[in-house]
Amino acid sequence: MIGNLRTITGYDAAETLWRATVPPETVFDLWEVRAAFHRHFRRPIRFITGSAVDGSRLFLPLCRVEEKGCWSYFPGETWNGKTWLEQNRLFASGLEASQLAELLGGDFHLRYLTDCRAGHGELTIDETGYLFHPPAYRFGIENWWQLFRRKSQKNLRRELAAFSGFRCRIDQTPEGPFQRLVELNISRFGSSSYFADARFLAGFYDMLQALSKMGLLRMTSLSLGKNVVAVDAGSVYRGQYTLLAGGTDAAFPGVAKLINLLHLEWACTQQLDEVDFLCGDFLWKPLFHLTPRPLYLFTSMH
């Protein structure tokens with residue numbers, strides 16, 4: 001049984017409910033991050049709230065992705081037809097999957113869920129994220145290097161040595177480096193780039209601006225000579241370093257490995273708990289011995 005069931009459709013009430021219900025455990029839990037994309041996608045809001053059968057609070061933050069004809073997780077920011085923000089949660093622990101589906105109503109497609117269960121039904125794996133845990137290596141990057149076989153370690157060190165003259169710059173604001181990040185990303189991925197959609201581009205930039213104002217933004221740029229050959233946008237929040245997006249110059253193969261190694265080294269020196277490289281099937285992630293973490297899908301659409 002569900003009690004005190006209400007549906008919220010107004011922005012201000014949705015913000016109040018989100019802030020009161022969602023524990024701010026990761027950067028993706030921050031309302032400012034979600035709101036940055038909502039400003040540009042303007043999806044109709046439908047937040048369902050009430051009391052679940054186990055006494056916990058029911059909370060389903062939905063929005064309507066009209067071009068897909070389905071309910072999605074707020075704010076419904078899409079890239080290539082798929083939502084992008086990760087570590088979404090359904091606050092509906094006391095409900096069976098069929099009850100949850102009935103509440104959602106119509107078609108729904110909720111991605112990147114952290115819990116593999118909806119009621120008593122197992123969810124399917126959506127995609128796999130990749131994590132690095134500095135405490136597992138006693139915050140020493142040389143301990144991480146020991147995971148490699150001798151030949152593999154030698155080859156990787158040789159590849160990285162080609163960039164011995166690089167310069168690294170860190171910014172806490174997006175103004176300068178973000179434009180170069182977008183250029184590099186689009187040059188590599190073309191129409192498949194996150195930033196090929198003007199709404200996503202604007203929302204992402206607003207998110208970086210919000211993170212900067214909260215002191216959570218870390219922009220990393222690598223230069224060789226006069227050329228900026230790699231830029232990554234990341235956020236440090238509650239001991240978690242989340243790499244949000246980046247771009248590298250195709251003329252400098254191997255530079256992506258270098259910038260990612262720098263992230264690992266920095267996380268160790270700062271004694272952070274975790275580095276999250278998000279989902280995405282990139283070959284360097286298994287090569288770097290990152291820890292896979294599945295995220296899950298609850299959908300009526302097949």
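This is a predicted model: local features need pLDDT of at least 70, side-chain atom pairs count only at pLDDT 80 or more; totals for chains, interfaces and linings use all residues.
Residues count from 1 along each chain as its sequence is written. Local features need pLDDT of at least 70 and side-chain atom pairs 80 or more, while totals for chains, interfaces and linings use all residues, and side-chain values use heavy atoms, with hydrogens and water left out.

**Exercise 1.** Find the pairing partners of strand S2.

*Solution.* Start with the terms: strands (E, at least two residues) and helices (H or I, at least four) are DSSP runs, numbered from the N terminus, and two strands pair if DSSP finds at least two bridges between them. Next, take S2 itself, residues 45–51. Strand S1 (residues 3–8) pairs with S2 in the antiparallel sense over 4 bridges; Arg6 has Thr49 as its bridge partner there. Then look at S3 (residues 57–65), which is also antiparallel to S2, over 7 bridges. Here Gly50 partners Leu58.

**Exercise 2.** Classify two ring pairs, Trp31 with Phe74 and Tyr241 with Trp266.

*Solution.* Grab the cut-offs: rings of Phe, Tyr and Trp (its six-membered ring) pair if their centres lie within 6.5 Å, and planes under 30 degrees apart are stacked, over 60 edge-to-face, the rest tilted. The structure has 32 such pairs. For Trp31 and Phe74, the centres are 5.3 Å apart and the planes at 10°, so call it stacked. Trp31 is in helix H2 and Phe74 in the loop between S4 and S5, so the pair ties together parts 43 residues apart in sequence. For Tyr241 and Trp266, 5.1 Å and 70° make the pair edge-to-face.

**Exercise 3.** Are Tyr241 and Trp266 buried or partly exposed?

*Solution.* Buried is under 20% relative accessible area, exposed over 50%, and partly exposed in between (1.4 Å probe, protein chains only). Tyr241 has 0% relative accessibility, so it's buried. Trp266 has 22%, so it counts as partly exposed.
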